[in-house]
Amino acid sequence: MSVDMRTFLAHVELANPVTTAAGCAGSGRELAQFFDLHRLGALVTRSITMAPRAGRPTPRMAETPSGMLNAVGLQGPGIDAFLERELPWLAQRGIRTVVSIGGGTVAEYAALARRLTDAPGVTAIEVNLACPNIEDRGRVFARDGGAAAEVIASVRSVMRYDVPVVAKLSPDVADVVAVARACVDAGADALSMINNPLGMTIDIDALKPSLAAGTGGLSGPAILPLAVRCVWQVHAAIPGVPIIGVGGVMSGHDALQLVLAGACVVGVGTALFHDPYACLRIERELEELLQARGFHRLADAVGLAHRPPGSAARHLLVDSEESSL
């Protein structure tokens, strides 16, 4: 018997829990040449900014043990081009699309949300809180609960009520639960974690940093334990909030760890750089692992590692018959 892989991101039903991670699949056209994007739970776009951005200088990427560093710098065409060319392409094909947004001020996040609130084809908004706050000495929004909450409140206040707002959190904080709680209190409908932790390598032949920017975001298998820890802690503290688990997912085994820790959706990023079919493979492997362990529904596995055997699931998938009452 197959496993029911449906899940919910706030009130939005997804056919399966596997999505792309922001920045790793552009805006869909790249992956569409390999498979039908309807087979994804959802596609998460790169982080969209108000103005076009050329990104950071090269070199922007460096391989590390069990991962890679990147400092791309939110390269993209800006919101106007996104609304004119990229989002309509996805909307016309009926692809569930989570639009990631990034800004340098609270007002900029609100302006981006305002431009997207009436745009067709937006399934959810992911607020990339890893951007530096240019009004506060470059302090990253995600590292301060108050700053993160201010951004989320501004986005939630202008975004349509039926579009979930997802706060993407960083592990580079003293207390990820406190930041998560601040975002939820400010109106976040769901949480995504983790954004890439900051790292650095030195080129010992060139005698200088490997990346032109010096530091960059670390991704790949090396950060999976960090992602599992953050998901575990936040789910334990705020069990009713949907979590997208992101960070180092290379296989169904990795995805299942995040699900058992409390994630109801799993994002796949770095794996796509060498395997464009990674999302499909991981979703299939995850279903096989669940089936082998006697699960009939993905929802029954969400957060299970927190609970003693036989206890009720915290993340409930409402049956269609019940939801129609």
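With seven of its ten residues buried, H7 is largely enclosed by the rest of the structure. Just after H7, Gly-262 takes a positive phi of about 140°. Helices (H or I, at least four residues) and strands (E, at least two) are DSSP runs, numbered from the N terminus.

This is a predicted model, in which local features need pLDDT of at least 70 and side-chain atom pairs count only at pLDDT 80 or more, while totals for chains, interfaces and linings use all residues. Residues are numbered from 1 along each chain as its sequence is written, and side-chain values use heavy atoms, with hydrogens and water left out.

As for the sheet, eight strands line up in the order S3-S18-S17-S12-S11-S8-S7-S4, forming an open sheet with parallel pairing. Strands S3 (18-20) and S4 (43-44) sit at the edges with a single partner strand each, so one side of each is left without a neighbour in the sheet. Two strands pair if DSSP finds at least two bridges between them. Strand S11 (residues 165-169) is joined to S12 by four bridges, running parallel, and Ala-167 stands opposite Leu-191 in S12. Strand S8 (residues 124-128) also pairs with S11 in the parallel sense, over four bridges, and here Val-127 stands opposite Ala-167. Along S12 (residues 190-193), Ala-190 and Ser-192 point one way and Leu-191 and Met-193 the other, and all are buried.

Zooming out, the chain has nine helices and 18 strands. Its radius of gyration is 19 Å, close to the 20 Å that the globule rule gives for 325 residues, so the chain is as compact as a globular protein of that length; the radius is taken over C-alpha atoms, and the rule is 2.2 Å times the number of residues to the power 0.38. The C-alpha trace spans about 55 × 45 × 40 Å along its principal axes. Of the 325 residues, 55% count as buried. Counting contacts (heavy atoms within 4.5 Å) with a separation of 6 or more, residues 24 or more positions apart account for 69%.

How values were computed. Buried means under 20% relative accessible area, exposed over 50%, partly exposed in between (1.4 Å probe, protein chains only).
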